[in-house]
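Here is a walk through one protein model. Keep the sequence and the 3D view side by side as you read.

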Amino acid sequence: MGDHKEQPLRVGAAVRRRRRALELTLAVVAERSGLSVPFLSQIENERARPSRSSLEKVADALRTTAVELLAAADPACSVDVVHAEGPEPDYAPRMRSLVRGHHQMHAQEFTGDHDAGREFQYRNDQLMYVADGAVDVEAEGRAYRLGRGDTLYLTGGVRHRWRATVADTRVVVVAVAEHIEAVRDRPRR
């Protein structure tokens, strides 16, 4: 129950990702596949489900296989539960994903410390929430101290690094996925 693998697959997102990776327009894929632009648009937007034959034509136009497109497809579920790994928290340094699959949002939980010297810079916006403990964050040349319950919002493109200052720190980072064009590249000052 609640297992996302029981749900039908949404192949449209996989088709769109592959087309964009190849920097092709819908018109080019339509010409190569013999399918119409409106139909391809409906496939990409999950308003039409391609037949096996149509999916193979799309795959050929995208220089891949129908099997590969299906393997890259998103589950069509709207609810997915990711359970904690055990009843007792384990505070050894670790990171776990809180969202499975290829979605518009990513969320990760960091427990303990991590490579404090590592600098991060994400294309899109992100939110850092301190569930337990405390962290020091350096962003755009300024230092921030966050405690339990504090959040820090970073717009896309902001360089930052952080470190846990308490042994049992848990930080949740939620970000718009890198493949989403949520924020246009901002000019650097």
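A salt bridge here is a side-chain nitrogen of Lys or Arg within 4 Å of a carboxyl oxygen of Asp or Glu. By this rule the count comes to 10 salt bridges. Bear in mind that the model is predicted.

Start with Arg170 and Glu109. Their side chains form a salt bridge, with N to O at 2.7 Å. The pair links distant parts of the chain. Arg170 sits in strand β10 (residues 170-176) and Glu109 in strand β4 (residues 105-111), 61 residues apart. Glu109 is buried because its relative accessible area is 6%, under the 20% cut-off. Arg170 has a relative accessible area of 24%, so it counts as partly exposed. Both residues belong to a network of salt bridges that also takes in Asp132 and Arg148.

Now turn to the open sheet. Three strands build it in the order β7-β6-β9, with antiparallel pairing. The edges are β7 (142-147) and β9 (160-164), each of which pairs on one side only. Neighbouring strands are turned by 20 degrees against each other on average, direction ignored. Strand β6 (residues 134-139) pairs with β9 over five bridges. In that pairing, Glu138 has Arg161 of β9 as its bridge partner.

What else does Arg161 form a salt bridge with? The partner is Glu119, and the closest N and O atoms are 3.4 Å apart. Glu119 lies in the loop between β4 and β5 (126-132), 42 residues from Arg161. Glu119 is partly exposed, at 39% relative accessible area. Arg161 is partly exposed too, at 26%.

Asp136 forms a salt bridge with Arg145, the closest N and O atoms being 2.7 Å apart. Asp136 counts as buried at 15% relative accessibility. Arg145 counts as exposed at 64%.

The helices come next. In helix α1 (residues 12-21), the buried residues are Gly12, Ala13, Ala14, Val15, Arg16 and Arg19. After α1 comes Glu23, with a positive phi near 55 degrees.

Helix α2 (residues 26-33) packs with α4 at an angle of about 115 degrees, their axes 8 Å apart. The crossing is right-handed. Val29, Arg32 and Ser33 of α2 meet Lys57, Val58 and Ala61 of α4. By class, this contact has three nonpolar, one polar and two charged residues.

Ser54 also lies in helix α4 (residues 52-61). Is Ser54 buried or exposed? Ser54 counts as buried because its relative accessibility is 12%. Beyond its neighbours within four places in sequence, Ser54 is in contact with Leu35 and Phe39.

Definitions and conventions. Residues are numbered from 1 along each chain as its sequence is written. This is a predicted model: local features need pLDDT of at least 70, side-chain atom pairs count only at pLDDT 80 or more; totals for chains, interfaces and linings use all residues. Side-chain values use heavy atoms; hydrogens and water are left out. Two strands pair if DSSP finds at least two bridges between them. Helices (H or I, at least four residues) and strands (E, at least two) are DSSP runs, numbered from the N terminus. Axes are lines fitted to C-alpha atoms, for helices over the stretch in contact, and angles run from 0 to 180 degrees between N-to-C directions. Buried means under 20% relative accessible area, exposed over 50%, partly exposed in between (1.4 Å probe, protein chains only). Contact means heavy atoms within 4.5 Å. A crossing is left-handed if the near helix is turned anticlockwise from the far one by less than a right angle, and right-handed if clockwise. Ala, Val, Leu, Ile, Met, Phe, Trp, Tyr, Cys and Pro count as nonpolar, Asp, Glu, Lys and Arg as charged, and the others, Gly among them, as polar.
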